Amino acid sequence: MKEHAQKAAEFIRNESRADWHDEALWFVRAKRDKASHSIPEWEQLRELASRIKDNVLAGLDGYLEQFEANALRNGVHVHWAADAEDHNRIVYGILQKHGVERIVKSKSMLTEECRLNEYLIENGIEVVDTDLGERIIQLKEEPPSHIVMPAIHLKKEEVGELFHQKLHTEKGATGPQYLAEAARQHLRQKFLSAQAAITGVNFAIAETGGVVVCTNEGNADMGVHLAPVQIHCMGIEKILPKAEHLGVFTRLLARSATGQPITIYTSHYHRPREGGEMHIVIVDNGRTTQLGRADFRNSLKCIRCGACMNTCPIYRRSGGHSYGYTIPGPIGSILTPGIDLKKYSGLPFASTLCGSCSDVCPVKINIHEQLYRWRQIIAEQGHLPPAKRQSMKWAARVLARPVWYNLAGKMARWALKWLPRPLLYNRFNEWGKDRELPEPPKQSFKEWYPRKQA
Amino acid sequence: MSKDKILAAIRKNKPTEVPLPEPPSFPGRESSPVEAFASMVEAGGGKAVRAAGPEELNTTIKRLFPKAEKVASPLPEVRPTIELDHLSSPAELETIDVAVIRGQLGVAENGAIWTTEEDCGHRVLPFITQHLVIVLNPGKIVDNMHQAYEHIQIDATGFGLFIAGPSKTADIEQSLVIGAQGARSMTVILKE
């Protein structure tokens, strides 16, 4: 796998496009700020949400059992999946039982994580993603680049060309209104003919045994209420103890995600409709392992709003695809090392550790601190790239010896002043890439300070 | 099986118990929740109008949608042009121009309206219709989501939801498009 840094370098090669991407996401961040500032109790809500999730994680076994018992009482079929394979097999089993050939799906990062679409398609099922952004990238055969705005990396001209090829819209037509209308007509046909609908889950309520799904397009409901079989796939961490906690989380979610005061639709599913069938699949897939890591278990509080991506200076300038995982950005970078430390060892370094992600997180996950902690573990376990490992080793030696340190400072100031450019700016000096090295100061702080005191 | 495996892993790995915080009641700040609600509905791309009685309700619907051929509603006070009972298949439901449903509760802070399958006649109606009208008693408007969840019981019916406007998307270059997969417009008629 290519490192994040390499893919980011490719991304920023097209400067105007990188700027456009950066600004599009910053626009969403600004909307989030406006929405959150309109709520005086915002910080109190974040604290509450974080503490509710603390309680959930500490009592998850009990809550899940309570949730299952209530869901069963509601006439819902409940399934448990230990991993992605298990999950995919369960979903396919339900579809097979009903002889389903065509399904519609609304957005679910969990099913992306489990690669459900690929699995079902291999087994001969037509799978149609119905969120507009997801349909766009499905037609383009690309993974999502953002968890809330999956096609944020594409320009309208690209969507226009794609729709021209796949949905026969007019050549050269790029108006978002026109393209969205074409998708609406196309998707309505898919909704009407689907035999089952699959959704993700935003919140699962232990007290009532129901699930809550939030969308703006109404696509989850168009699928669920038209198809005879509805399947909701959720990670074990989606639990909230009581209905009243939704008051806290629905106030935080959309404001953090897109700056809206609430999503257009907040749907509460408790029982199948007459003649219908409702299934809930509860999935672990590595979450219980993460629960056991004291330094990282807070990452399970995530409600998938994407605020940490929109604010991240690295994400905005490297794009979601550079991370090589379903969930990119700061939150992805603390989830992935727990899945495969070696494969994703570059991601915790895709950060300036500025802490903006932690500041905007609606459930107060200490994202930047976890990024730093993963870096330490990656170094301890020997997964640093050789150049970084060597330079760290030398830096440690120099920093441990005052004489060496003083000498190194002098040499650096001398080099910056006297060495010809080619010796300073070359492939061995990462810090000289795309930027000017600083003007050398006349003296070091250590030299300056005693004189100042005297 | 998987269930036991998952629960055992949680028990082994979970942190020590911490108490569940009691959310305080956050008071509303608006002097007129009804006006705040109406302006949030408009901000969300919807429309809010008033009607004095059942007669005005029907004339308002007619005035708002003069060309609508198929107006369907489970509400007894609304005069539909087509009976919901006659529309059984999804394909038939898809031809509805205007659906009029009842809202149980409005939320001033975000313009959301709580409604359930009992108020809709058919679960898919508020989504599949081209245009959605929700009739709401202005006396049933609360300040915020905390109060809303105190007033409703989410599992009283098999399906219930908050609706806060017409279906929308910004998935193409962040340009707002009203009328994604669900209703193209949403009008709240405030009627006592």
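In which helix of chain A does Trp394(A) lie? Trp394(A) belongs to helix H19 (residues 386–400); helices are DSSP runs (H or I) of at least four residues and strands are DSSP runs (E) of at least two, both numbered from the N terminus. The model is predicted, local features need pLDDT of at least 70, side-chain atom pairs count only at pLDDT 80 or more, and totals for chains, interfaces and linings use all residues. Residues are numbered from 1 along each chain as its sequence is written, chains are lettered from A and ligands numbered from 1 in the order written, and side-chain values use heavy atoms, without hydrogens and water.

Trp394(A) is partly exposed, because its relative accessible area is 46% (buried is under 20%, exposed over 50%, partly exposed in between, with a 1.4 Å probe and protein chains only). With Val403(A) and Trp404(A), Trp394(A) forms a nonpolar surface patch of about 360 Å² accessible area together. Patch residues have over 30% relative accessible area and no salt bridge; like charges are joined within 9 Å, and nonpolar side chains (Val, Leu, Ile, Met, Phe, Trp, Tyr) within 5 Å. A salt bridge places a side-chain nitrogen of Lys or Arg within 4 Å of a carboxyl oxygen of Asp or Glu.

A negative surface patch consists of Glu15(A), Asp19(A), Glu23(A) and Asp434(A). Glu15(A) lies in helix H2 (residues 15–37) of chain A. Its relative accessibility is 59%, so Glu15(A) counts as exposed.

His268(A) lies in strand E9 (residues 265–269) of chain A. His268(A) counts as buried because its relative accessibility is 0%. Beyond its neighbours within four places in sequence, His268(A) contacts (heavy atoms within 4.5 Å) residues including Val211(A), Leu246(A), Trp114(B) and Phe162(B).

Methods: Accessible areas come from the Shrake-Rupley method with a 1.4 Å probe; for residues, only the protein chains shown count as cover. Lys and Arg count as positive and Asp and Glu as negative; His and the chain ends are not counted. The place of a charge is taken as NZ of Lys, CZ of Arg, CG of Asp or CD of Glu.
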